[in-house]
Structures are given as C-alpha cells and as structure tokens.
Amino acid sequence: MLPQHNSFYDVFSNAEKLKIRWPHGARLAVSLVGNLEAWTESLDPKHRRTGVVGGSAPLTRDDARCPYDFKTASENDYGGRTGVWRILRVLKKYNLKGSFNVNALAAIKYPDAVKRIHADGHEVVGHNYAEDIQTVLLSREEEKEEIQACIKIFRDLLGERPYGWLSSGMRHTEHTVELLAEEGFLWHGDTLNDDVPYLVPVNGKTILEIPYRNSVSGLNDTGMFRSGKMARHLLHAFKDEFDVLYEESREEPKLLTLGMHCQMAFPATGKFYDEAMQYARSFPDVWFARRIDIARWILENRG
C-alpha cells in the first residue's frame, strides 16, 4: 500500500490550467526578478553544512579558532552593497520594472536599497525573514508569525506591504499557501511545474501560483553559476529559452522568468542582464511585467 501523505500533486499538480490572454494581445510575458537576500550568519559550523548559508565555500570546520565566517559574509554582502544597484541601473536603462524577492532581514540591513527598489516602481516581494531560516524548519504558528513580521517590516519601511511571496529556497510547507491567503497575499511563487501561472483554491479563497525558475528548470543565475556556468552561458540559455517560448506563444501565451541574484550581480553578470533585456525588447508583442501586474491581470480577467 502506498503511504498517505500531504502531496504536492493533491493541490498544485491538479490545479486547472488557465486560458491566459496577456494585455494588448501580447504573446509572451517577461518577468525580471531580482533577489536581495540576507543571512543570519550563524557561528555554528554545523548550521553552515545545510547548504543554505550563501557564499562559494562557507567555513564548516569545527576547530576553527575564529568561528565568524568573514569570507562568506563578504560574498553575501555584495548583493546589498553593490549588486542590487547594478541591477537597478540596467532596469532603469531600458525603463523596465521588475519584482524583487527581499528577505525582511535585507530590508533591515540595506534599507536604502529597498527604498530605492520601491521608489523606482519595482515590486517588493516577501521572501521570509532570512535566507537561511527556511520555512520547512518552522511550525505552523512560527511560520504565521514570520509572515506577519515580514509584512510589518516592509510596511514600516515603505508604507506598503507586499502582496506576493517566494519562500527562501522555494521551500514552502503544507501550511504556506493557506497562511498567505489568510494574510491577503495575491500570489505565491515557489512552484516550478509550469510555464504559466495557475490558480490554487484555498479554503474558499484563491491564490495565484506564478512558477519560478531554478538552475534545473530554467534561468536562475546563482544556481547556474554554482554548477560551473559563466555569464556567457547564461546569455545563451536566455536566448534559447526566449526563442522557444516565443515560438510556442503563437498558439498560447507564455511566461518567461529571469532570476537575478544581487549577490551574483558582478560586472560580467550585469553585462548578461543588459544584453538579455536588450534581446527581449527587440521582439514585438512582448509584455514586460512585474509579478504583481501578472497576478492582478489574471485575477481580474479570468473567465
């Protein structure tokens, strides 16, 4: 007998596919997604072995005289100190708006950057409190408290709350979507199982699932870098994915998502972002949209 469990397939895979029509007859929606992340920088080497502490080679020795990992902290800090500003410059160059997944701790560490993201018209998306405290480590009540705390931190800083959510590491629990719906979120983005959004019913409410991308399922710079890819490889992958989705969109509209991590936004990566945006802008019938715009369009225009 197969074991009984709360299955992904019970909720997300069985969700009805939508007949999507983008505004103004657009064939392809392009979603540019920044990630401004922060880590708690635990001194416990055992915690660093979880693989979610950022950096290229975090300190894991139990016998290190200095337990603080300055190198990894420095790598992670590149995002809020330098990388985010490069992404914002490229977006401004092409007058494009994106969505930024922001840890609440990043809003505390880098308030000026988060204020600029908001002031430039980009969407600020809830992304847990810290990148290394993932939702799967929390009880239902702790998860609820964290979501509410994130809402408060952004509202206090920006005067507005987020209406979209991407869990740290894209690892949500069986409670996440229900809790987000209760707190008034419009969209959730942890899934990887489609090229277009779909609706998920939650206790009499509805939340839009906007699938994301990781290094396995598509365009995500940090995962691709860590698998040995270089910036030139990313551009080639972007063009391939764009071309396929654009061709498929002759029959039904599609969504392309480009994930841009601020801590990976080095000069060469910035050149990739620039050339990718320039390439996508050269095609007709392309809608560059924040994820909140996608969510509101679908929710307001569903049949």
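pLDDT is the predictor's confidence in each residue, on a scale from 0 to 100.

**Entry 1. Confidence.** I noted at the outset that this is a predicted model. I looked up the confidence and found an average pLDDT of 89 for the protein, with 89% of the residues scoring at least 70. Residues 1-5 have a pLDDT below 50, and this stretch has one contact in the model beyond near neighbours in sequence. Where pLDDT is low, the predicted coordinates should not be read in detail. I left that stretch alone.

**Entry 2. Overall make-up.** I went through the secondary structure of the protein and recorded eleven helices and nine strands. The protein has 303 residues, and 52% of them count as buried. I then checked the contacts with a separation of 6 or more: 69% of them join residues 24 or more positions apart.

**Entry 3. Helices α5 and α6.** How do α5 and α6 lie relative to each other? I looked up the packing of α5, residues 111-119, with α6, residues 140-158, and found an angle of about 75° and axes 10 Å apart. Angles of 65 to 115 degrees count as roughly perpendicular, so α5 and α6 are roughly perpendicular to each other. On the α5 side the contact is made by Pro111, Val114, Lys115 and His118, and on the α6 side by Phe154, Leu157 and Leu158. I sorted the residues of this contact into five nonpolar, one polar and one charged.

Entry 4. I turned to β6, residues 198-202, where four of the five residues are buried, so the strand is largely enclosed by the rest of the structure. Its partner is β7, residues 205-209, and the two pair in the antiparallel sense over five bridges. I found Tyr198 opposite Glu209 of β7. Two residues lie between the strands of this hairpin, and Asn203 takes a positive phi near 50° there.

**Entry 5. Positive phi in two loops.** I looked up Met170, which is not a glycine but has a positive phi of about 60°. Met170 sits in the loop between β4 (164-165) and α7 (176-182). Is Met170 buried or exposed? Its relative accessibility is 19%, and buried means under 20%, so Met170 counts as buried.

I then looked up Asp285, a residue other than glycine whose phi is also positive, near 60°. Asp285 is in the loop between α10 (267-281) and β9 (286-288). I read its relative accessibility as 40%, so Asp285 counts as partly exposed.

Methods
Residues numbered from 1 in each chain as written. Predicted model: local features only at pLDDT ≥ 70, side-chain atom pairs only at ≥ 80, totals over all residues. Heavy atoms only, no water. Axes fitted to C-alpha atoms, helices over the stretch in contact; angles between N-to-C directions. Parallel < 35°, antiparallel > 145°, perpendicular 65-115°, else oblique. Contact = heavy atoms within 4.5 Å. Nonpolar A, V, L, I, M, F, W, Y, C, P; charged D, E, K, R; others polar. Buried < 20%, exposed > 50% of the residue type's maximum accessible area, 1.4 Å probe, protein only. Pairing = 2+ DSSP bridges.
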